[in-house]
There are 2 protein chains.
Amino acid sequence: MDEIGVVKTKFLQFDGLRLESGLYLSPITVAYETYGELNDRKDNVVLVLHALSGDAHAAGQDENGRAGWWDGMIGPGKGIDTNRYFVICSNCLGGCKGTTGPISVNPETGAPYGRSFPLITIGDMVNLQAMLVEKLGISKLHTVIGGSMGGMQALDWACRYSDKIKSAVVIAATARLSPQGIAFNWVGRNAIMSDPVAPFKNGALVDDNGKTGRGLAVARMIGHITYLSEETMEAKFGRKLTLRDMDGTTYSLEENDGLGGEFEIESYLQHKGSLFMERFDEDSYVIITKAIDHFDLVRQHGDLVSAFKNIAAKMLVISFTSDWLYPTSMSLAIVRALQASKKHVSFVEVDLPYGHDSFLVPQGMPNLTRIVRGFLKGV
Amino acid sequence: MDEIGVVKTKFLQFDGLRLESGLYLSPITVAYETYGELNDRKDNVVLVLHALSGDAHAAGQDENGRAGWWDGMIGPGKGIDTNRYFVICSNCLGGCKGTTGPISVNPETGAPYGRSFPLITIGDMVNLQAMLVEKLGISKLHTVIGGSMGGMQALDWACRYSDKIKSAVVIAATARLSPQGIAFNWVGRNAIMSDPVAPFKNGALVDDNGKTGRGLAVARMIGHITYLSEETMEAKFGRKLTLRDMDGTTYSLEENDGLGGEFEIESYLQHKGSLFMERFDEDSYVIITKAIDHFDLVRQHGDLVSAFKNIAAKMLVISFTSDWLYPTSMSLAIVRALQASKKHVSFVEVDLPYGHDSFLVPQGMPNLTRIVRGFLKGV
């Protein structure tokens with residue numbers, strides 16, 4: 001096959017999931033996609049784990065022609081070669097793209113959970129992924145791989161299900177987020193939670209008074225700044241002016257009323273924030289960033305060496321030189337603890353200028369493809 | 001004198017100010033404070049320039065016992081010794097602490113300017129400071145000194161009024177802000193401007209429906225993250241939990257509904273944001289950050305060497321190792337252009353871990369005092 005082509009998202013139902021908090025969440029739907037063919041021995045499976053704003057649509061085109069979020073990495077002849085591997089990607093628990101989350105209907109009330117959706121953890125997401133894998137009849141994964149929150153999940157998979165994976169690839173991730181990362185997430189959530197407009201849901205952005213709450217857009221814009229490197233911002237935007245107002249109309253500097261986004265970087269962020277409001281749910285954003293903030297293998301296990309003691313998988317840890325949100329030092333903390341535990345670990349710091357987003361942008365694919373392809377073959 | 005003691009803010013009226021945009025803003029009030037005594041030759045004057053959220057109350061106590069924002073630096077025997085120097089500090093144009101700004105009444109409408117206040121520049125602020133100095137009968141300043149936006153003003157003073165100053169101290173500043181800095185300011189303004197609550201004014205935080213718009217708090221929290229270093233955040237907060245909700249009540253992790261700020265860094269930011277809402281005006285925040293973003297001596301003069309060609313003052317440029325918002329590289333760009341122009345310039349990079357705020361925090365005062373005192377004596 002030359003191309004993945006059009007892919008349809010599939011759905012699986014489960015009676016429920018026991019959350020780490022003790023609460024039983026029921027029922028549960030998981031949205032997932034698969035690419036490539038499962039071999040007879042069922043030992044060619046790669047589980048791909050998405051980041052905060054991702055979804056099950058990792059590769060190929062959806063019915064509207066939209067490419068998957070990691071289409072540059074997954075496909076025939078690509079880094080994760082679908083001529084060789086059977087690839088699964090599911091929307092995470094708490095998401096808003098088909099898997100049970102705040103926009104799902106709470107059977108007890110008949111209305112969407114909204115802000116009443118229970119707190120979940122990265123571990124809960126991983127446990128649900130494990131249920132999906134089991135239901136698909138797969139007992140051992142060739143690899144789990146993900147970046148950012150997906151990298152946290154890959155690491156958690158290695159700790160939690162050491163007997164169910166042969167290897168794990170942890171990209172631009174951490175065993176626990178820095179206070180600065182928590183702070184940025186908090187301000188984003190604060191913008192959402194302080195939003196006095198009635199919570200809007202997927203596409204319904206305007207309240208009864210015709211007012212739009214832009215809390216989610218503000219949160220996304222903060223995120224975007226932290227995903228980009230200073231270097232990329234300089235190169236891509238610098239201090240260039242666009243003379244475009246928030247509604248897209250052009251104007252001269254003289255008639256500037258001070259409210260427009262006249263720097264290019266402002267228009268860019270505004271645009272990204274608006275797009276995100278159309279495609280994401282604010283309560284999912286709150287729930288998922290909380291899970292990210294609270295992921296802490298040190299708190300959970302006492303220290304990283306203890307956290308990693310049962311790991312049997314071959315581990316690959318990747319960081320990016322320009323990532324200041326999940327800097328190399330965080331990856332090195334993982335690597336050193338794995339080495340101290342005598343685990344099989346490889347580490348690559350990739351010299352790319354695109355910040356935390358380096359694992360997602362097309363410019364990063366050649367480097368990442370080479371590294372991932374080699375590692376998968378060696379497993 | 002041992003202490004400055006209680007200080008009262010004074011006010012001066014002007015017919016108006018011709019803004020760089022061409023608009024004539026009229027009338028104008030300037031709020032200012034002075035410390036120490038003007039000598040007979042009127043040559044012992046230090047003009048102190050405040051940062052974004054500062055005001056005229058730089059030293060001593062106000063009537064409520066509140067210490068000035070740079071009380072650690074200004075006073076008898078301190079870095080700027082009021083036994084020797086006559087110190088002036090005024091609230092900047094566009095501010096909300098007595099000098100004409102968005103909360104002032106527009107004589108044409110009889111109502112506060114609010115969001116209709118005209119766009120202003122760092123140059124407009126400096127021009128108004130020059131009018132104040134002249135009105136006080138002072139023809140030449142010993143020094144102009146300021147940090148962050150105050151440092152931009154000190155630099156602008158040196159370019160604009162080379163014959164009116166003997167020296168300038170530019171602390172943690174830049175000749176033009178990075179796109180990342182613009183981006184953070186933009187998101188803050190966006191949080192304010194997107195706030196669907198009727199604009200609140202100084203203390204009146206609640207609209208007709210009893211709803212509070214927290215846009216200004218969100219903007220301030222973003223600012224705070226960028227003013228602190230990662231190192232300070234780690235040392236001060238780390239990943240410690242407080243189990244305090246947004247309203248200050250305590251709760252257990254089990255009953256956590258996901259909306260509270262259970263990390264200490266969250267509670268800290270929340271607190272800082274709330275305090276700021278009580279003491280600052282959102283339209284001033286918009287107007288002043290716009291002025292900061294648009295300050296650009298390169299755009300204005302073609303290049304920095306041209307910008308600095310008329311400078312006659314002795315220049316001192318100070319940066320901090322841990323300041324990632326106005327990093328040392330920005331100070332060095334100023335220093336190198338001054339050197340290329342054969343100007344008298346000293347440069348110190350101070351090794352302090354407190355980020356951009358290093359010039360304001362008490363822990364930074366011993367270092368900064370030594371440097372500033374020595375420079376002022378040498379002028």
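In this predicted model, one spot where chains A and B touch is a helix pair: A:Gln180, A:Ala183, A:Phe184, A:Val187, A:Asn190 and A:Ala191 in α3(A) come up against B:Val218, B:Met221, B:Ile222 and B:Ile225 in α4(B). Sort the residues of that contact by class and you get 8 nonpolar, 2 polar and no charged.

How do the two helices lie?

Now for the whole contact between the chains. Chain A puts in 42 residues, and chain B puts in 42 residues. On the side of chain B that touches chain A, the elements giving two or more residues are α3, α4, α5, β14, α6 and α7 of chain B. The top contributor there is α3(B), with 10 residues.

Here is how that side of chain B splits by class:

| Class | Side of chain B that touches chain A |
|---|---|
| Nonpolar | 23 residues |
| Polar | 9 residues |

Of its 379 residues, 55% are buried. If you take the contacts within chain A between residues at least 6 apart in sequence, 70% of them join residues at least 24 apart.

Key. Residues numbered from 1 in each chain as written. Chains lettered and ligands numbered in written order. Predicted model: local features only at pLDDT ≥ 70, side-chain atom pairs only at ≥ 80, totals over all residues. Contact = placed C-beta atoms within 7 Å. Helix = DSSP H or I, 4+ residues; strand = E, 2+ residues; numbered from the N terminus. Nonpolar A, V, L, I, M, F, W, Y, C, P; charged D, E, K, R; others polar. Buried ≥ 20, exposed ≤ 12 C-beta atoms within 10 Å, placed from the backbone.
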